[in-house]
Amino acid sequence: MGLLDGKVAIITGAGGGLGRAHALLLAKEGASVVVNDLGGDRAGGGKGSAMADQVVDEIKAAGGQAVANYDSVTTVEGGQNILKTALDAFGKVDILINNAGILRDKTHAKMDEADWDLVIAVHLKGTFCVTRPVFTHMRERGEGGVIVNTSSTSGLLGNFGQTNYGAAKAGVMGFTRCLALEGKKYGIRAWGLAPMAVTRMTEDLPGMGGEDMKATMDPAKVSPTVLYMVSSLSKDKTGVCLYAGPGKVRELRMVWSEGVAKADAGLITAEDIAAAEDKIFLPEPKGTIFS
Ligand SMILES: NC(=O)c1ccc[n+]([C@@H]2O[C@H](COP(=O)([O-])OP(=O)(O)OC[C@H]3O[C@@H](n4cnc5c(N)ncnc54)[C@H](O)[C@@H]3O)[C@@H](O)[C@H]2O)c1
């Protein structure tokens with residue numbers, strides 16, 4: 001008995017890296033999987049069918065069920081077609097994992113419009129384009145569902161050289177919090193995921209290179225967190241972002257401090273703020289690039 005017997009899952013960007021690892025684990029746990037991947041390069045150029053096909057073959061070779069889809073998540077038509085692939089092959093969708101992603105890292109001063117637009121298009125608009133038809137399907141079907149949106153510590157905590165990516169990933173988490181509220185009455189849960197793994201996206205980043213790091217930061221170590229999120233193990237939890245990295249899982253959220261308040265919505269002056277800094281400012285979380 002698998003944790004996901006009889007379930008149908010769509011995983012975007014599942015032709016490699018984290019998406020592939022999620023697809024293999026969910027299929028092993030009994031889910032029928034739509035392996036979506038545009039098959040392009042890390043910066044969002046090109047396309048091809050080989051990446052998605054290879055993961056479908058791997059799943060089938062292990063005795064699982066999977067079908068490929070090669071649409072880009074960046075268009076409304078692409079999102080609709082990803083849902084259609086699932087409905088044609090398996091008749092329904094229970095689980096969506098928005099995972100597709102690209103990187104175009106540059107300091108802000110050097111970032112041009114194309115670097116901004118494409119990163120926002122894949123991560124943020126892509127999350128909208130696929131979620132909308134799937135959410136609508138789940139709502140109409142009336143049997144709930146789970147949607148996992150891949151965010152990042154870069155969005156929630158910040159990272160050098162990633163104003164485009166960080167903006168998109170913080171947007172993904174804002175989207176998730178709002179979607180969780182809207183999904184509640186339909187039993188549709190929404191999670192954020194902030195993963196950490198060596199993949200083609202991260203293998204040449206500082207500190208991530210080498211065979212040792214590949215083993216330590218294997219994407220397969222993140223996927224059990226996704227399994228927890230999309231299975232009945234997480235019961236009715238929704239609207240939460242979990243960080244999942246090698247040997248560590250923790251909640252990651254935007255928070256507000258105790259702050260300073262004045263009765264009757266009284267005016268808080270600049271001097272009041274300066275005098276109450278210890279109540280207003282939170283310490284930077286340990287282990288971030290600011291601490
Ligand atoms: N690896 C990490 O440490 C890390 C950290 C934080 C967040 N993430 C996020 O995790 C997700 C997976 O990243 P990864 O590290 O596995 O990288 P990856 O490059 O191995 O995987 C991303 C996949 O998305 C596919 N893709 C890109 N654009 C697409 C599009 N328009 N339509 C469909 N598919 C598309 C790519 O072909 C690729 O297979 C991304 O959203 C990434 O931003 C990764």
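**Exercise 1.** Show why α3 and α4 are oblique to each other, then sort the residues where they meet by class.

*Solution.* Start with the model. It is predicted, so local features need pLDDT of at least 70 and side-chain atom pairs pLDDT 80 or more, while totals for chains, interfaces and linings use all residues. Residues are numbered from 1 along each chain as its sequence is written, and side-chain values use heavy atoms, without hydrogens and water.

Step 1: find the helices (DSSP runs of H or I, at least four residues). Helix α3 covers residues 76–90, and helix α4 covers residues 113–141.

Step 2: read the geometry. The two axes (lines fitted to C-alpha atoms over the stretch in contact) come within 7 Å and cross at roughly 45°.

Step 3: name the angle. Under 35 degrees is roughly parallel, over 145 roughly antiparallel, 65 to 115 roughly perpendicular, and the rest oblique. So α3 and α4 are oblique.

Step 4: list the contact (heavy atoms within 4.5 Å). From α3 come V76, G79, Q80, I82, L83 and L87. From α4 come F128, C129, V130, P133, V134 and H137.

Step 5: sort them. Ala, Val, Leu, Ile, Met, Phe, Trp, Tyr, Cys and Pro are nonpolar; Asp, Glu, Lys and Arg are charged; the others are polar. This contact has nine nonpolar, three polar and no charged residues.

**Exercise 2.** Describe how α1 packs on α8 and on α2.

*Solution.* Step 1: take α8. Helix α1 is residues 17–28 and helix α8 is residues 223–230. Their axes are 9 Å apart, at an angle of about 55°. That angle makes α1 oblique to α8. On α1, the contact uses L18, A21, H22, L25 and L26. On α8, S223, P224, V226, L227 and V230 take part. The tally is eight nonpolar, two polar and no charged.

Step 1: take α2, residues 50–61. Its axis comes within 10 Å of that of α1, and the two cross at roughly 25°. Therefore α1 and α2 are roughly parallel to each other. R20, A23, L24 and A27 of α1 touch V55, E58 and I59 of α2. Here the count is five nonpolar, no polar and two charged.

Key. Axes are lines fitted to C-alpha atoms, for helices over the stretch in contact, and angles run from 0 to 180 degrees between N-to-C directions.
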